[in-house]
Amino acid sequence: MRVLLVEDEPYLSQALRKSLRDEGYAVDVADDGEEGLYKATTWEYDAIVLDIMLPGRNGLSVLGELRRSRSTPVLLLTAKDSLKDRVAGLDQGADDYLVKPFDLEELLARLRALIRRSAGEPNPTMEIGDVTIDTASRTVRKAGTEVALTAREYSLVEMLAMNRGKVVTRTMLYEHLCDENDNSLSKVVEVHVSNVRKKLGKEIITTRRGHGYMISV
Amino acid sequence: MFKSIRWTFLAWLALLLCLVVSGYGATLFYLLRRSKLQEIDAELEGAAQVLAERLRGRGPGRPPWMGGPRRLPRLPGDGSGGDERRRSFLDPFERGRDSRNSGSAGSSGEESSAPDESSRMRGRLPRRGGGWYRGAPRRPGFDRTFGELELPESLVRRYGEEGAGAPYFAIWRGDRLIRESNVPSAVPPPAALGTSEVSRVRQREGTLREAIVQGPRETLIVVGRSVHEELAYLNRLVGVLFGAGLGILVLALVGGWFLVKRAIRPLHQISATAESISAANLSRRIDIESTENELGRLAGVLNTTFDRLQEAFEQQARFTADASHELRTPVSVILAQTAMARRRERSVEEYREVIDACFVVGNRMKALVDGLLTLARTDAGDLRLEACEFDLAQLVEDCAGMLESLAAERGVALRLDLQPTTVTGDADRVVQVVSNLLTNAIRYNREGGHVRLTLEERGADAVLTVTDSGVGIPEEDLHRVFDRFYRGDPARSGKCGGAGLGLAISRAVVEAHGGTITCESVRREGSTFTVRLPRNSVESPPNLNSA
């Protein structure tokens, strides 16, 4: 999953970026409104964490502009705490509103919820055959036994599972699993798919030659 | 309840009215009574004088010792038997009050108990309880006069001949009663009149009023009558006056009650509205119908006060909100950094980074808290400043030295044009001010720009100007520039500037020294901040302590 973080306070941005990466997200960062808008409209993100008080362009303005072309889930993370502000933010098109100072775990949980909802997989636990994917704890079980997957492997499985029944192209996989700082290596995806098949069974991921990969329903 | 204005007012009104009405009534009564009694007395005295005159022979019926034809007064029922009558006179030299039937020689000798004219004419006087007073003079002539002596007809006619109010008279000589007529009870001998006294009046037995006049030949003539009717009338008058007074009092109080009620009705309105105005509901105001009278003015003043209170409250609320808002960002940083560090095992380097971040941000919070505290103290009028003498030029130079690196970083040149100026004030605080102005000038500047500092003496003040070639301040914001939490760019968080308290604190410090700080700016060209500090501020502000 790829997330865009638009926050101008550098220490906060750094802490969030690290935490999100630890959670297996690919994280892009912007520290002013214009940059944030540009990135949000240029790439596909699974979620955007957006501050309101930004230099250059105000977060709500960015959101308004974004909503004209994108339906990316947006979580507003801001120090503006009044009821008026919250209502205004949500009405502008945000999907969630979290006030600073916030609890990190809460932020991560809300982000997960947003992504689940937007992928149409509201159940935090997904079952594919005898494989169970718990998105909250980021663990995978095969026939009841936990299987150790690397972060990348898990992300791959999660992404395919979220889009189960749909073909996910390699490009999409790259877009969603790597952030702007990653160097895209074409081999990476195949290697990970192969490793996942080794751990969870061949049938879990289907290859559509020329198109991409899929987890079937 | 009884402490209300209405009751107090009415109580005083009642008291006042009581005094006034009873004073008036008492005076009235007194005057009436006096006048009445004077009237009575005059009448009695007059009658007594008439009798005296008659005795002296000036009235009808000359005294026999003057000789001449005797003319008897015409008496009712006059008829025959006049001679006999003449003979029945009191002898002035004989004792009176003699119930013996003496001296009625020649009279019919009747002893009828019924009082009638004939016995009167004879000098026999009806005595209460029946019987007669005897008293006929022995000596003819003078005796006759005495016997013929009657009270003036007018008096008799007015008050009746007999009965309770009928007038009577008695004539004394020394302690001897010579003649009595119609007396209701024994007349005590009057005391002799003084040399200057023409007449005297006395009152006996409650209702008998008597005038005493000097008659001829050392006689004292007493004319009196029972004034019980008049006294009764006066008593009734007291009652009437009292009742009327009471009625007036009641009427006035009732009227007063309504008037006061109407007058202070607005007070209730004001009270009610003011009571409903509380910290939660400061926007209500008192309805003023008319602003001319005192209550209208009071309501107006109260409304203005409420306006100011509301303003102050709102300011406070804004300040608190702004302050806590400012603290949100640094706190979120610390929480996010430490939460992230705690989630899993980190490298020493990572931990070090987290600690560094917390440290920097913590210092920012400290600066914010210090700034807020200073401002709070200013608000409470509690800003304590130390006073010492120092060279302001030197202080500015030192400041500039400290900020040189920042200026260099931004590509901003600092130019100083300072005159040595000795100033008395709180050096630490003044450093804050200068540093704040200079930092702003550098930060809000452009690459390749400059900041010019000038200092000179102007009269009793030291004048410092800080001019920058920066982005300037929009005209509509100029008046807000010294407000708390005002920042040029609202999104600028604490990371590269203060919380927006710098100028507010600078103003507070400058004003505490008794000085002024002003700002001029042209957008996109730059701004100039001017600080005037009295050189000897020990004299002016109240919160400078001598070091």
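A word on conventions before the structure. This is a predicted model, in which local features need pLDDT of at least 70 and side-chain atom pairs count only at pLDDT 80 or more, while totals for chains, interfaces and linings use all residues. Residues are numbered from 1 along each chain as its sequence is written, chains are lettered from A and ligands numbered from 1 in the order in which they are written, and side-chain values use heavy atoms, with hydrogens and water left out.

Let me begin with the two chains. Chain A holds 8 helices and 12 strands, and chain B has 13 helices and 15 strands; here helices (H or I, at least four residues) and strands (E, at least two) are DSSP runs, numbered from the N terminus. Of the 217 residues in chain A, 50% are buried, and for the 547 residues in chain B the figure is 42%. A contact means heavy atoms within 4.5 Å, and among the contacts in chain A between residues at least 6 apart in sequence, 58% join residues at least 24 apart, while in chain B residues 24 or more positions apart account for 66% of the contacts with a separation of 6 or more.

Next, strand S1 of chain A, residues 2-6. Because 5 of the 5 residues of S1(A) are buried, the strand is largely enclosed by the rest of the structure. A:Arg2, A:Leu4 and A:Val6 point one way from the strand, and A:Val3 and A:Leu5 point the other way. In general, the side chains of a regular strand alternate between the two faces of the sheet.

What does S1(A) pair with? Two strands pair if DSSP finds at least two bridges between them, and S1(A) runs parallel to S2(A), joined by 5 bridges, and also pairs in the parallel sense with strand S3 (residues 47-50) of chain A over 4 bridges. A:Val6 takes part in both pairings, with A:Ala30 as its bridge partner in S2(A) and A:Leu50 standing opposite in S3(A). S1(A), H1(A) and S2(A) make a right-handed β-α-β unit, right-handed in the sense that, with the strands pointing away from the viewer, the path from the first strand over the helix to the second runs clockwise.

That brings us to the salt bridges, each defined as a side-chain nitrogen of Lys or Arg within 4 Å of a carboxyl oxygen of Asp or Glu; a search of the whole structure finds 37 of them over all chains. In one, the side chains of A:Asp28 and A:Arg2 meet at 2.6 Å, N to O. The pair links distant parts of the chain, with A:Asp28 in strand S2 (residues 26-30) and A:Arg2 in S1(A), 26 residues apart. A:Asp28 is buried, with a relative accessible area of 0%, and A:Arg2 is buried too, at 4%.

Now back to A:Lys18, whose salt bridge with B:Glu350 has its closest N and O atoms 3.3 Å apart. B:Glu350 lies in helix H9 (residues 348-379) of chain B and A:Lys18 in helix H1 (residues 10-22) of chain A, so the pair joins two chains. B:Glu350 is partly exposed, with a relative accessible area of 22%. Within chain B, B:Glu230 and B:Arg225 form a salt bridge at 3.1 Å, N to O, and both of these residues are buried. Salt bridges that share partners also join A:Glu23, A:Glu105, A:Arg112 and B:Arg343 into one network.

I will finish with helix H6 (residues 151-162) of chain A. Because 10 of its 12 residues are buried, H6(A) is largely enclosed by the rest of the structure; the buried residues include A:Tyr154, A:Leu156 and A:Met159.

Methods. Buried < 20%, exposed > 50% of the residue type's maximum accessible area, 1.4 Å probe, protein only. Expected span 1.5 Å × (residues − 1).
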